[in-house]
Amino acid sequence: MSGSHDVLHHAGDSPVHRLAPHVKILVAFGAVLGVVATPRTVFGLFGLYLLLIVAVWSVARVPVLWFVKRAVIEVPFVALAFLLPVFGTDPRADVVGLSVSVEGALAGWNILAKGTLGVLISLTLAATTAPGDLLKGLQVLKVPAPLIMIATLMLRYGEVVVGEARRMRVARISRGDDPRFLWQAGALARSVGTLFIRSYERGERVHLAMVSRGWTGSPAGSATIVARTPAAPALEVSKLAFAYPDGHQALFGVDLRVERGERVAVLGPNGAGKTTFALHLNGVHAGGSGTVSVAGLEVTRKNLREIRRRVGLVFQDPDDQLFCPTVAEDVAFGPRNFGMSDVDGRVRAALRSVGMEAVADRSPLHLSGGQRRRVALASVLACDPELLVLDEPSANLEPVARRELAELLLALDRTMLVVTHDLPFALQICPRSVLIDGGVVVADGPTREVLADSGLLARHRLELPYGFRLD
């Protein structure tokens, strides 16, 4: 799958590519400042700037056409630059029979020259520096961590949004859309609106994933591990109820006890409240009634840091959970937020446990669905959680990747809660199942017995796949 890496980065091995990223960032920043500070009437100097930029392209061995295609982002500013001479104020002059504002022409030239050079400098930096290297350069320059995180998310989700836009375009074309025809512009406009809404929704999910791994927006201190209560179960939920701000009641009073070492499936149809329940275990959702305790520690505001270390929450869509430019940085995200020691060692051990050591330096977006699922699991294993909560772990996996994930989970010595409506997967992984529907627990027992009760499954819109047998 290609993404914004392919759009803005032109891989190569030129002297410009090999230059230290923080040096290139400083040079680009200085060049932009120089362009901005140049008086607009010094026309020759702008030409010299352009020649220098083209010379860098030549050394970097990046074709001029590559930059021209990507400079189309500047089109709205170019249009403004050409409109200013027409609609500018007096005094005016006649040029080829047209009345042109002198001040408007100078203002338009200022925007066109400085804007174009600024875009070309930025594209040159992006073309010769991989996104991960750009972030490392910012770190070397001691840029504040929140700004680096913003840049990281922009780079990472630029890839995701570009990929989604391409899939939407293919879907439109496959149903007869041709954007060359004016009357089909409405379909394109609706697609842009849909893409915006999807991006906003993903942003919310990504924020939840960040919070679940200890992100607070401020630097982490050292880890303070709270001792477990020896006799306490791994998880104890009592009368948990929750309503969303719009008034929708998702949970009506869930009771559940999970002993240490158990693997329990949480079953239920779509909309049953399973994911809402899972988000309470990590303290991501709160504000309802009832109590949740993990290894004897109650989920309260003062305990959130330790709770989120104890409960490793693996989200349904790995792209919500993998938001850093490289696999290794994603796996390190949680341990760093919790102030844990030997982060590099934890990253290596977590990746080794899921068989993903070889992809540590790759972008998560360039992995297969099964590989991303494994890396998402590694990102929580690196924090050494006591309880693993997996939301629909088998969703969208091909049979081989599904089997490999099942074997991996069975090999992990962890207390596990698997939220799923994949009934055969639940039977393979979890000896015990809890069925939730309408925000309450309606069944709790051995998985095989729960799945054998066809009447129970039918009442709650669940059924075994065609041809699947329990004997």
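This talk walks through a predicted model of one protein chain, from its overall make-up down to a few places inside it.

The chain has 471 residues, of which 45% count as buried, and along its principal axes the C-alpha trace spans about 90 × 55 × 40 Å. In terms of secondary structure, there are 20 helices and twelve strands. If we take the contacts between residues at least 6 apart in sequence, 70% of them join residues at least 24 apart, and I will show you some examples of such pairings as we go.

Staying with helix 16, which covers residues 369-381, please look at how it packs with helix 17, residues 399-411: the angle is about 20°, and the axes are 10 Å apart. Because angles under 35 degrees count as roughly parallel, helix 16 and helix 17 are described as roughly parallel to each other. The crossing of helix 16 past helix 17 is right-handed. On the helix 16 side the contact is made by G370, R373, R374 and L377, and on the helix 17 side by A401, E404, L405, L408 and L409. Sorted by class, that contact comprises five nonpolar, one polar and three charged residues.

Setting aside its neighbours within four places in sequence, L377 touches V314, V354, L388, L390, L408, L409 and L412.

Next, let us go to strand 11, residues 432-437, where I436 is placed. Is I436 buried or exposed? With a relative accessible area of 1%, I436 is buried, because the cut-off for that word is under 20%. I436 lies 163 residues from G273 in sequence, yet their C-alpha atoms are 7.2 Å apart in space. Apart from neighbours within four places in sequence, the contacts of I436 are V266, L267, G268, P269, A272, F277 and V441.

One of those partners of I436, F277, is also among the buried residues of helix 11, the others being K274, T276, A278, L279, H280 and L281. Seven of the eight residues of helix 11, which runs over residues 274-281, are buried, so this helix is largely enclosed by the rest of the structure. Following helix 11 comes G283, whose phi is positive, near 75°.

My last stop is a loop, the one between helix 10 (185-212) and strand 3 (235-243), which is where P233 is found. P233, although placed in a loop, counts as buried at 6% relative accessibility. Its C-alpha atom is separated by 6.0 Å from that of R260, a residue 27 places away along the chain. Leaving out neighbours within four places in sequence, P233 is in contact with R257, V258, E259, R260, A295 and G296.

Key. Residues are numbered from 1 along each chain as its sequence is written. This is a predicted model: local features need pLDDT of at least 70, side-chain atom pairs count only at pLDDT 80 or more; totals for chains, interfaces and linings use all residues. Side-chain values use heavy atoms; hydrogens and water are left out. Axes are lines fitted to C-alpha atoms, for helices over the stretch in contact, and angles run from 0 to 180 degrees between N-to-C directions. Helices (H or I, at least four residues) and strands (E, at least two) are DSSP runs, numbered from the N terminus. Angles under 35 degrees count as roughly parallel, over 145 as roughly antiparallel, 65 to 115 as roughly perpendicular and the rest as oblique. A crossing is left-handed if the near helix is turned anticlockwise from the far one by less than a right angle, and right-handed if clockwise. Contact means heavy atoms within 4.5 Å. Ala, Val, Leu, Ile, Met, Phe, Trp, Tyr, Cys and Pro count as nonpolar, Asp, Glu, Lys and Arg as charged, and the others, Gly among them, as polar. Buried means under 20% relative accessible area, exposed over 50%, partly exposed in between (1.4 Å probe, protein chains only).
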